[in-house]
Amino acid sequence: MRTDTGQIVHLADYRPTDFILERVDLTFELDPTATRLESRLIFHRRDGAAPEAALVLDGDDLVLADLRLDQNEMPAGQFDATPDSLVIRDLPLASPFEVTVVTIINPEANTQLMGLYRTNGVYCTQCEAEGFRRITYFPDRPDVLAPYTVTVIADKAANPVLLSNGNFLGGGNYDEGRHFAAWFDPFPKPSYLFALVAGDLGVVEDTFTTMSGREVALKIYVEHGKEPRAAYAMDALKRSMRWDEERFGREYDLDIFMIVAVSDFNMGAMENKGLNVFNDKYVLADPETATDQDYANIEAIIAHEYFHNWTGNRITCRDWFQLCLKEGLTVYRDHEFSADQRSRAVKRIAEVRHLKAEQFPEDAGPLAHPVRPTTYREINNFYTTTVYEKGSEVTRMIATILGRDTFKQGMDLYFERHDGDAATVEDFVACFAQVSGRDLGQFSRWYHQAGTPMVTASATYDATGRTFALTLEQTVPPTPGQSAKEPMHIPLSFALILDNGSVAEPSSIEGGEVTGDVLHLTERRQTFTFSGIGARPVLSLNRGFSAPINLDFRQAPADLAHIARHDSDLFARWQALTDLALPNLLQAARDARDGREISCDPAFLAALLEVAGDESLEPAFRAQALALPSEADIARELGSNNDPDAIHAGRQAILARLAGEGAAIFEALFADMRMQGAFSPDAASAGRRALRNTALSYLSYLEGGVARAADAFAAADNMTDMTQALTVLAHRFPGEAATANALGAFLKRFDDNPLVLDKWFSIQATIPGHATLARVKALMEDPHFVASNPNRMRALVGTFAFANPTGFNRRDGEGYRFLARQILAIDPRNPQLAARILTAMRSWRSLEPVRAGQARAALGEIAEAAGLSTDVRDIVERMIKD
């Protein structure tokens with residue numbers, strides 16, 4: 001494990017390498033504890049490089065076994081080798097030369113799951129961001145691209161499957177008991193996209209015919225016996241390939257596309273060229289073991305990794321500061337794919353819920369950073385919701401500003417101009433500036449300035465003058481390292497809704513640029529005046545969440561209810577209902593904290609129940625509308641001095657009141673939304689199940705709730721309904737015998753299925769209340785808990801810290817001390833996992849003083865520990881920095 005070096009990397013220090021890599025030939029002789037790798041690398045000196053320039057290759061905890069130059073043994077005085085670096089001097093000035101490096105590595109001992117490791121008998125690699133240097137000495141940076149030839153030699157009985165990137169060249173017997181396979185990837189790629197998998201795996205096979213008529217072999221490798229559970233992933237892959245051709249004109253380029261599902265994996269998936277490696281939770285599904293959300297995640301992540309073939313692989317990043325160029329852009333593409341496959345409005349609501357729950361707190365806390373950062377200590381810590389989700393929103397805003405057709409032209413130019421390149425954000429934006437003729441300089445501040453902009457809006461209507469005036473003011477809060485901010489270009493979609501639900505059409509608009517239904521806020525303060533408005537309209541602003549901002553617009557409840565009834569934009573209707581709910585939830589939290597009676601506005605209840613019973617609205621949308629803002633949402637809106645117990649108590653009181661007022665509606669929904677026939681994961685069926693299970697949650701607040709939930713659990717014929725009923729039992733009735741019986745039955749039925757057991761652990765980790773910490777500790781002693789498995793650790797410890805506000809944020813600080821101990825235990829074996837779970841404490845400063853003090857002390861305990869990894873030290877020091 002690399003411990004902290006204190007080295008800060010700066011974007012301003014970027015310069016290209018002195019040597020250009022022409023070709024890579026790798027020969028692996030796999031062994032569980034002593035894998036031998038011979039790397040043959042052909043270089044030539046870059047024009048302009050100094051004659052005395054040395055070749056510097058990166059390493060990480062390596063031991064050099066052999067080193068040759070043009071097949072001749074290299075004199076000891078010509079190189080310096082350390083575990084982390086290999087420096088070679090006195091190299092040819094003009095002609096290409098070949099460096100041969102031999103390393104011996106131990107995959108079995110690699111618990112970091114970076115580089116080459118072995119898990120459950122399967123060899124696997126994870127090289128993004130800097131894992132390849134754990135395999136061999138190499139110029140391990142994203143702007144070093146070359147074609148790869150890979151030969152894998154291994155025991156034939158233990159490893160009948162030998163895979164790497166590119167097209168299969170051939171294979172056969174090698175020597176006694178061993179065989180080999182050779183692969184060639186003709187498309188130059190950086191080392192982070194290298195992949196190798198070897199083991200005894202089952203396979204699901206299919207083919208895809210591209211738009212030019214080429215047949216591509218498709219293969220998904222899984223553990224034996226799990227092949228039927230990969231069928232949906234294969235279907236999602238084929239739909240993704242067709243969609244990318246139709247929407248972006250991108251055709252797959254190799255003869256074969258492969259996916260491998262493994263159980264021990266730090267990430268969700270990895271887009272290695274032609275050989276994607278997946279966490280098996282995002283590949284395996286059937287109705288008995290996967291929820292509707294699992295199916296949706298599989299569909300989205302299969303698409304995301306496939307779409308990387310062009311946005312990430314064919315065009316990669318010049319340096320890691322440009323990470324959003326591949327990740328944010330590809331998230332946008334997978335969001336668009338899912339929107340086209342499912343309900344666009346419901347998908348957009350889910351995206352914004354996630355953005356506000358995860359990225360907004362990141363932007364408001366000590367870990368805030370720009371979409372394109374300028375410094376980092378540990379690049380693994382910048383695989384964040386800011387880079388991914390906010391990066392996606394920035395791409396979406398470009399599409400909003402330019403329009404769909406011009407955006408497509410910009411993407412076409414980007415693919416044409418930069419295919420085979422390691423590109424920058426500036427390269428990307430320049431393509432859209434060229435095709436549109438727009439100056440996107442101010443817009444580019446979205447890449448450079450951290451923080452979520454606040455837009456304050458106020459409006460007046462002049463009946464005499466028939467004008468409607470809207471004043472907008474924007475501010476961007478200070479963030480670590482950025483105290484002064486410049487005005488952003490913020491595109492705000494709008495509608496002026498009249499009493500009858502129609503949209504007013506102004507005769508003119510003054511005060512700034514308006515294109516179609518989009519206002520362009522570019523100054524700190526602007527007033528837009530709409531003329532020719534015959535009656536007072538209700539303004540719907542930031543429809544579709546056209547910009548990732550906080551909006552302070554004090555609209556009357558009646559106006560919000562009007563939007564919720566009439567806006568043609570379903571996202572805006574959902575947002576209006578949310579804006580109706582939040583003041584009630586915020587006041588309920590304050591009332592609970594201060595010991596006052598909790599009440600809520602009857603108009604809010606009526607508006608929500610009206611939507612619940614509106615059969616003209618799709619069930620999935622109604623389920624989203626009835627899912628009130630979460631406790632984390634309420635805490636974010638309160639801003640500071642948060643008491644998680646009071647927030648929970650207040651929200652529970654509102655839910656109970658809503659359940660009582662809408663009992664008849666929820667009874668009807670629970671009965672009417674019951675599905676008949678065979679299970680289908682399609683969006684419409686999933687929406688009906690979501691609405692029915694939402695009704696079950698509300699009915700749990702009424703008399704007979706525990707019996708109803710127990711009956712629902714017993715009757716469930718799919719994992720969606722089963723886990724929802726179990727969650728209701730565990731969260732609402734944790735001490736009831738029916739809950740204990742259901743948890744026991746679930747464990748007995750699925751004790752041989754790790755992915756389903758993760759759900760069992762997570763449901764219990766999120767039971768509200770102080771007693772859950774003891775339950776979590778007891779579950780860590782359960783024989784089914786495997787601390788070395790990232791999925792299992794995330795399911796229990798990660799879920800408890802991230803998703804249980806009352807259990808984790810105990811006033812006595814025990815939750816924080818528990819997490820600190822876990823982080824210090826995880827860090828030596830898996831620094832990435834430890835650092836990511838630690839970010840659960842990113843908002844500690846927003847807590848009330850006693851809890852904040854306890855959290856700060858726990859963070860201090862971590863910071864003072866000896867031998868911390870770079871990953872964890874970077875996170876903890878940023879979180880406690882004043």
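Cavities and pockets were located on a 1 Å grid over the protein atoms alone, a cavity being a set of points where a 1.4 Å probe fits but cannot get out, and a pocket an open set with protein on both sides within 12 Å along at least five of seven lines; lining residues have an atom within 4 Å of a point. Grid points are joined across faces, edges and corners, and a volume is the space filled by probe spheres set on the points. The model is predicted, with local features requiring pLDDT of at least 70 and side-chain atom pairs counted only at pLDDT 80 or more, while totals for chains, interfaces and linings use all residues. Residues are numbered from 1 along each chain as its sequence is written, and side-chain values use heavy atoms, with hydrogens and water left out.

The structure contains 5 cavities of 30 Å³ or more.

Two or more lining residues come from each of the strands β1 (9-10) and β4 (55-58), where strands (E, at least two residues) and helices (H or I, at least four) are DSSP runs numbered from the N terminus. The largest contribution to the lining of this pocket, 3 residues, is that of β4. The lining of the second largest pocket divides into 17 nonpolar, 7 polar and 15 charged residues.

Two backbone features were noted in loops. The peptide bond from E128 to A129 is cis, with omega near 5°, and A129 lies in the loop between β11 (122-126) and β12 (146-155). N542, which is not a glycine, has a positive phi of about 60°; this residue is in the loop between β32 (538-541) and β33 (550-553).

Axes are lines fitted to C-alpha atoms, for helices over the stretch in contact, and angles run from 0 to 180 degrees between N-to-C directions. Angles under 35 degrees count as roughly parallel, over 145 as roughly antiparallel, 65 to 115 as roughly perpendicular and the rest as oblique. A crossing is left-handed if the near helix is turned anticlockwise from the far one by less than a right angle, and right-handed if clockwise. Contact means heavy atoms within 4.5 Å.

The axes of α24 (residues 814-826) and α26 (residues 849-863) come within 9 Å and cross at roughly 15°, so α24 is roughly parallel to α26. Here Y816, R817, A820, R821, I823 and L824 of α24 meet R851, Q854, A855, A858, E861 and I862 of α26. This contact has 7 nonpolar, 1 polar and 4 charged residues.

Helices α5 (residues 385-402) and α6 (residues 404-418) pack at about 125° with axes 6 Å apart, which makes α5 oblique to α6. The crossing of α5 and α6 is right-handed.

For α3 (residues 323-341) and α4 (residues 344-363), the angle is about 140° and the axes are 7 Å apart; the two helices are therefore oblique to each other. H335, E336, S338, A339 and D340 in α3 meet R344, K347 and E351 in α4, a contact with 1 nonpolar, 2 polar and 5 charged residues.

Terms used. Nonpolar A, V, L, I, M, F, W, Y, C, P; charged D, E, K, R; others polar.
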